[in-house]
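Hi,

Here is the structure I promised to pass on to you. Have a look at it first, and then read on for my notes.

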Amino acid sequence: MTILRARPAPTLAVVAALAAAVTATGTALLVAPAAAAQGCRVDYTPNQWPGGFTASVKVSPGDTAVSTWTVTWTYAGNERVTSGWNATVSQSGSTVTARNMSYNGSIPAGGVTEFGVQGTYGTSGGAPTGFSLNGVPCNGVAPTTPPPTTPPPTTPPPTTPPPTTPPPTTPPPTTPPPTTPPPTTPPPTTPPPTTPPPVGCAGAVLCDGFENQTGSTPSGDWAVVSPDCSGAGTATIDTTTTHSGSRAVRINGAAGYCNHVFIRSTKNLGSVGSVRYGRIWVRHTTAQPTDHTTMMAMTDAADGNRDLRMGGQNGALQWNRASDDATLPEQSPAGVAQSVPLPTNRWTCLEFMVDGSSGQLRTWLDGAAVAGLTADGVPTHDIDGQWYNRTWRPQLTDLKLGWESYGNGSDTLWYDDVAVGASRIGC
């Protein structure tokens, strides 16, 4: 797909206002492009199979920051969106409208956010057109002639039409989009977050929805452990709150040091190799506190068997290296702003990749990459500058899921549909 950048054409409201001013004063005015649209860009990347598709949509407001966003586009064929993630998505006819969630409405100037959709199509499907952001057309062609010096007509010039369908002024419908299930074999690269784990988890070494657990305490492929010290934290099998199937693991995480509790996989995960991908569905009840917490840990044989930890600090997700307490991102205000909080009271798909040969790390939340949770091998201030204060070549050997609090902060968490393998597994 070819994406073009341009200054957008004036909207109907702007043209009508200018026409009125000319009528009243008899003076011609010059028309300038809307400031909010400088460099406005929407990148739509589809992944299609017979009868269905998913698409990743990246949104950048260009030169002007936005605090909320509404993105619209029009399908050329008979595509029908059935669900979405990181956005509230609806469709009327061939026009799709996507609105931000409560946690991702703010995009700084030059910044970008990402959401996704899943859908179906019948006999035809084509590249979507007519992308707009907050009613302003994006990806347009820049005008090649200067603005007119004569009064503009009362309707827009035919060469620069306004968007065919402005975003609605009322909230999206309260009923969800159709719940047509995805195909039985969706592509594993970019499935939507509501899709059950694929059969076999794409060849993952570990693939467990805890359905083989028969008692109230995790056993068999999992062992309950308390690194350092134990206390009020507990790990149990739950049949009332699950992501899929009939069982999940519930962690009652208590505040204060020495209440550590985890479940540890008994499989030999050292056989995965130097590149490890993980996929975990997690749900929790309490917003992450300012103090440091951990909800996932992996022993690093190349770092004195100290843990590589995933958790939170200052209200957002972070990676933490137990050997020297380095964090990703750095815990400056600018660094924390590059991460995101873990949503509460809903199932969230957390994915990660650790490359031990190159010392790189990447993280996705509900399919969207998180910039602050990325160590790309080149130190960047506020993100991975502290992480690369020494050579880091991890050799991970296990997986632990649970709760550690190093100060204030209790939480109740559920884990389900856990997978670890040598290639990305998907949500």
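First, a term you'll need: a nonpolar core is a set of buried Ala, Val, Leu, Ile, Met, Phe, Trp, Tyr and Cys residues joined through side-chain atoms within 4.5 Å. Buried here means under 20% relative accessible area. Keep in mind that what you're looking at is a predicted model.

So, which residues touch the most other members of the largest nonpolar core? They are M296, L308, W319, L361, W387, L399 and L401, out of 43 residues in that core. Strand β24 (residues 411-421) gives the largest share, 4 residues. Another core lies apart from this one; it has 24 residues, including F53, V57, Y75 and V117. As background, nonpolar side chains tend to be buried together in soluble globular proteins.

Next, a sheet. It is an open one made of 5 strands, in the order β5-β6-β3-β8-β9, with antiparallel pairing. The edges are β5 (88-92) and β9 (136-137); each has a single partner strand, so one side of each has no neighbour in the sheet. V71, for instance, has A98 in β6 as its bridge partner.

On to the charged side chains. The whole structure has 10 salt bridges, and here are a few to look up.

- R264 and D398 form a salt bridge at 2.9 Å, N to O. R264 sits in strand β14 (residues 261-265) and D398 in the loop between β22 (368-369) and β23 (400-405), so the pair ties together parts 134 residues apart in sequence. Is D398 buried or exposed? It counts as buried, at 1% relative accessibility, while R264 is partly exposed at 34%. Both belong to a network of salt bridges that links R264, D307, D398 and K400.
- D324 pairs with R390, and their closest N and O atoms are 3.3 Å apart. D324 is partly exposed, with a relative accessible area of 30%, and R390 counts as partly exposed at 30%.
- R424 and E351 meet at 2.9 Å, N to O, in a salt bridge. R424 is in the segment after β24 and E351 in strand β20 (residues 348-355), 73 residues apart. E351 is buried at 2% relative accessibility, whereas R424 is partly exposed at 27%.

Last, the disulfides. How many are there? The count is 3.

- C40 and C138 are joined with an S to S distance of 1.6 Å. C40 lies in the loop between α1 (12-25) and β1 (41-49) and C138 in the loop between β9 and β10 (206-208), so the link ties together parts that are 98 residues apart in sequence. Both cysteines, C40 and C138, are buried.
- C201 is joined to C207, S to S 2.0 Å. The torsion about their S-S bond is about 45°, so this disulfide is right-handed. C201 is buried at 1%, but C207 is partly exposed at 40%.
- C349 and C427 have sulfur atoms 2.0 Å apart. Here the torsion is about -90°, so the disulfide is left-handed. Both C349 and C427 are buried.

Happy exploring!

Technical notes. Residues numbered from 1 in each chain as written. Predicted model: local features only at pLDDT ≥ 70, side-chain atom pairs only at ≥ 80, totals over all residues. Heavy atoms only, no water. Buried < 20%, exposed > 50% of the residue type's maximum accessible area, 1.4 Å probe, protein only. Helix = DSSP H or I, 4+ residues; strand = E, 2+ residues; numbered from the N terminus. Pairing = 2+ DSSP bridges. Salt bridge = Lys/Arg side-chain N within 4 Å of Asp/Glu carboxyl O. Disulfide = S-S within 2.5 Å.
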